[in-house]
Amino acid sequence: MTMEKIDVVIVGAGFAGISAVYKFKQQGLKAVVFEAGSGVGGTWYFNKYPGARCDTHSMEYSFQFSEELQQDWEWSEKYATQPEILEYLNHTVDRFNLRKDIKLNTRVEKAIWNQSDSIWEVSISSGELFLADYLVMATGCLSKPNFPNINGIDTFSGEVFHTSRWPEIKPDFTSKTVGIIGTGSSGIQCIPIIASEAKHLIVYQRTPNYSVPARNEGLSQDFVANIKSRYRLFREDNYKQGFGLNLPLNDVSALDVSEEERNKVFEKQWQKGGLGFLTSFNDLLFNMESNYHAQQFIRNKIKTLVKDPDVAEKLMPRTPLACKRLCVDTGYYETFNRKNVELVDIKTNPIDLIKSNSVIVGNQEHVLDTLIIATGFDAMTGALTNIEVIGKGGVSIKDKWKTGPSAYLGIAISGFPNLFMITGPGSPSVLSNMVPSIEQHVNWISDCIEYLRNKNFTSIEADLNAQKSWMEELNEISDQTIYPHCQSWYLGTNIKGKKQAFTAYLGVPPYIDRCKEVVESGYEGFSLSK
């Protein structure tokens, strides 16, 4: 067996893995990235479905580690498409000569902590073994697909596509009857485009989701020039915002204004488009009554946009706004006015059976040419528990998290020395601007490794008590919000048998402050060994 000793093994070549290998190379470490896919990009490599695009402004959803890269790269749209983001990531990899440090089509099969030698033994799919001082999990929060457990789904003989495993060659839906299961973010993005191509589209909806218009547009030269003239300060200001995004909060309660004024504010944000709708008032995420007014506004919009009252009623969510991910769309609700689009409610009438060429719902048989699965991900923890990572005492992360994920700062796990996660459970992750959050973690990990090496420490491990206290604090904060009040992938309820737990730390500025405090106190909450 081939064996190689290196400083850092990085798992995953998305934004996190690319950022990490760049940073580690800059500090003189020997690092390698293992990526199961055939190209770099992570989520943005696999999610090639029609309409896939970011819901964060492209001028913010990008790397900060190189001012030259920030100044040189030109985004074409307010919300970048998947092909443009993938092009950007490939450009970054080539610009900084990182491709030679990334091994594609290579899956990490197992990683075992060798306590006596204070080293990680990492086995990959080629049969090679790597010995690494540090293991960095850059596996992403939305990277393990969730496949529904529907009777007969494996017997369907027509085309089958999962939105997060879309083929390289674009499928042709012309003259075909297409069925799509799922109306989360990926479904909401691709349904309008598929509807414009297919002869007939049947949308199987279990739970309706709130969606706001993107109002996507090209970027003007003046706008881009303004941001680029003050990019560093612009980024610093973003880190001071609650979600780490340039979404200024209206510091007024929805209950402190008249109904007329409240609806004017909602309408202004609706016309502006995007996730800024959540900043219409300062208490939409904390006060259920205020949240209800926002819900009602969107339900009234659906009633206006969808001509058939019965279809409109089925499309109206009844959960608190944003306790499930708020979606951003282009013409989603209007799509249901098309004569070739049919909405099937599978909440009241679940899918009974999938046959070789059809889907059976109650006494209805829908003959299909193509079936699209848009049921999302085993989010937050799925990619981590999908790899056999074994820490002290022979305990795996999967076993450790059977009772729910627990981590310190979302960066480290008790019982797993020298293992770091990027945007792991216990950090702002999916409730923040992911790319700046990734870079904040990469910088923290990089500084930590440098400290350990300079001080001749061989290992660092999260203390169990510190970890417990951190997760208790996270839950105390989230319990004051609307987030735990519905079934969602935020809680893991979309995965059968998964322990329900809310795992995102709310608030980017206080989180960053806590990370700094831990370092300044000599890594409080960690055990360091020589």
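This is a predicted model: local features need pLDDT of at least 70, side-chain atom pairs count only at pLDDT 80 or more; totals for chains, interfaces and linings use all residues.
1. Basis. Local features need pLDDT of at least 70 and side-chain atom pairs count only at pLDDT 80 or more, while totals for chains, interfaces and linings use all residues. Residues are numbered from 1 along each chain as its sequence is written, and side-chain values use heavy atoms, with hydrogens and water left out.

2. Length of α1. Helix α1 covers residues 15-26. Helices are DSSP runs (H or I, at least four residues) and strands are E runs of at least two, numbered from the N terminus. The expected span is 1.5 Å times one less than the number of residues.

3. Burial of α1. Buried means under 20% relative accessible area, exposed over 50%, partly exposed in between (1.4 Å probe, protein chains only). Of the 12 residues in α1, 9 are buried, so the helix is largely enclosed by the rest of the structure. Among them are F15, I18, Y22 and F24.

4. After α1 comes G28, with a positive phi near 85°.

5. Q189. This residue sits in helix α5 (residues 185-197). Its relative accessibility is 11%, so Q189 counts as buried. Beyond neighbours within four places in sequence, Q189 is in contact (heavy atoms within 4.5 Å) with Y49, P50, G51, A52, R53 and V328. A polar atom of the Q189 side chain lies 2.9 Å from the backbone oxygen of R53.

Technical notes: A polar contact is a pair of N or O atoms within 3.5 Å; within protein, one must be able to donate a hydrogen and the other to accept it, and residues adjacent in sequence count only if both atoms are side-chain atoms.
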